[in-house]
Amino acid sequence: MPRLILAEDQTLLREALAALLGLESDIEIVGTASNGREAHDLVRRHDPDVVVTDIEMPDMTGLELAALLKREGARARVLIVTTFDRPGYLRRALEAGVAGFILKDGPSTGLADAVRRVAAGERVIAPELATRAWSETDPLTDAERRLLRLAEAGLESPAMAEATGLARGTVRNYLHSAISKLGAGNRIEAARLAREKGWL
């Protein structure tokens with residue numbers, strides 16, 4: 001019987017998913033979390049087989065959670081359930097060691113099936129994303145991605161330098177590189193384009 005942790009920041013959706021999976025006699029939910037940090041604590045406490053998580057959550061995203069569990073050598077396998085059908089997210093998820101990536105608008109029976117398959121050691125990918133995932137390569141480095149997130153949040157270069165511990169000139173160079181790679185006119189447009197591609 002797969003034991004799982006469910007992480008979703010929207011309370012209504014989290015409860016709905018828990019209720020849906022709770023109907024399955026062969027799946028046990030051992031904890032629910034409203035963000036990635038809570039989910040990480042629950043994984044360490046309960047050692048589940050599967051972590052079902054959204055991508056965008058406060059404190060720690062689903063992708064950051066997956067990458068952390070991979071670094072720690074956790075036994076739990078991660079299944080992303082999201083509304084974001086962007087190939088960039090799938091590529092980053094696979095790089096983070098995610099075992100499954102399905103969309104929230106899929107059939108309700110698909111979630112329980114995906115949990116079982118992931119728990120059994122399979123990789124489960126939404127078929128509509130699988131062929132698109134490798135059509136565009138994410139050109140951004142981690143540093144560029146982090147700075148574009150800060151630009152998206154409205155920070156100016158001096159504040160970015162302070163937040164990251166980088167020199168202002170280094171911040172300027174990274175932002176210029178990211179803007180150039182994305183063919184954008186400025187940092188805000190670059191952040192928007194990267195977000196649309198699923199690269200942030």
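Arg117 is partly exposed, at 30% relative accessibility; partly exposed is the range between buried, under 20% relative accessible area, and exposed, over 50% (1.4 Å probe, protein chains only). Arg117 pairs with Glu122 in a salt bridge, with 3.0 Å between the closest N and O atoms. This is a predicted model, in which local features need pLDDT of at least 70 and side-chain atom pairs count only at pLDDT 80 or more, while totals for chains, interfaces and linings use all residues. Residues are numbered from 1 along each chain as its sequence is written, and side-chain values use heavy atoms, with hydrogens and water left out.

**Salt bridges**

- The structure holds 14 salt bridges. A salt bridge here is a side-chain nitrogen of Lys or Arg within 4 Å of a carboxyl oxygen of Asp or Glu.
- Glu122, the partner of Arg117, is partly exposed, with a relative accessible area of 37%.
- Glu152 and Arg195 form another salt bridge, at 2.7 Å from N to O. Glu152 lies in helix H7 (residues 142-152) and Arg195 in helix H10 (residues 187-197), so this pair ties together parts that are 43 residues apart in sequence. Helices are DSSP runs (H or I, at least four residues), as are strands (E, at least two), and both are numbered from the N terminus.
- Arg192 forms a salt bridge with Glu196, and their closest N and O atoms are 2.9 Å apart.
- Where do Arg192 and Glu196 lie? Both are in helix H10, four residues apart, about one turn of the helix.
- Arg192 is partly exposed, with a relative accessible area of 41%. Glu196 is partly exposed too, at 46% relative accessibility.
- Salt bridges that share partners also join Glu8, Asp54 and Lys104 into one network.

**The cavity**

- How many cavities of 30 Å³ or more does a search of the whole structure find? The search finds one. On a 1 Å grid over the protein atoms alone, a cavity is a set of points where a 1.4 Å probe fits but cannot get out.
- The largest cavity holds about 30 Å³ of space. Grid points are joined across faces, edges and corners, and the volume is the space filled by probe spheres set on the points.
- Its lining is made up of Leu6, Ala7, Glu8, Leu17, Val52, Thr53, Asp54, Val81 and Lys104. Lining residues have an atom within 4 Å of a point.
- Glu8, Asp54 and Lys104, the members of the salt-bridge network, are among these lining residues.
- Strand E1 (3-7) and strand E3 (50-53) each give at least two residues to the lining.
- By class, the lining has five nonpolar, one polar and three charged residues. Ala, Val, Leu, Ile, Met, Phe, Trp, Tyr, Cys and Pro count as nonpolar, Asp, Glu, Lys and Arg as charged, and the others, Gly among them, as polar.

**Positive phi in loops**

- Asp47 has a phi near 50°, a positive value in a residue other than glycine.
- Asp47 sits in the loop between helix H2 (36-46) and E3. Asp47 is partly exposed, with a relative accessible area of 39%.
- Asp59 is not a glycine either, yet its phi is positive, at about 70°.
- The loop between E3 and helix H3 (62-72) contains Asp59.
- Is Asp59 buried or exposed? Asp59 counts as exposed, at 57% relative accessibility.

Key
On a 1 Å grid over the protein atoms alone, a cavity is a set of points where a 1.4 Å probe fits but cannot get out, and a pocket is an open set with protein on both sides within 12 Å along at least five of seven lines; lining residues have an atom within 4 Å of a point.
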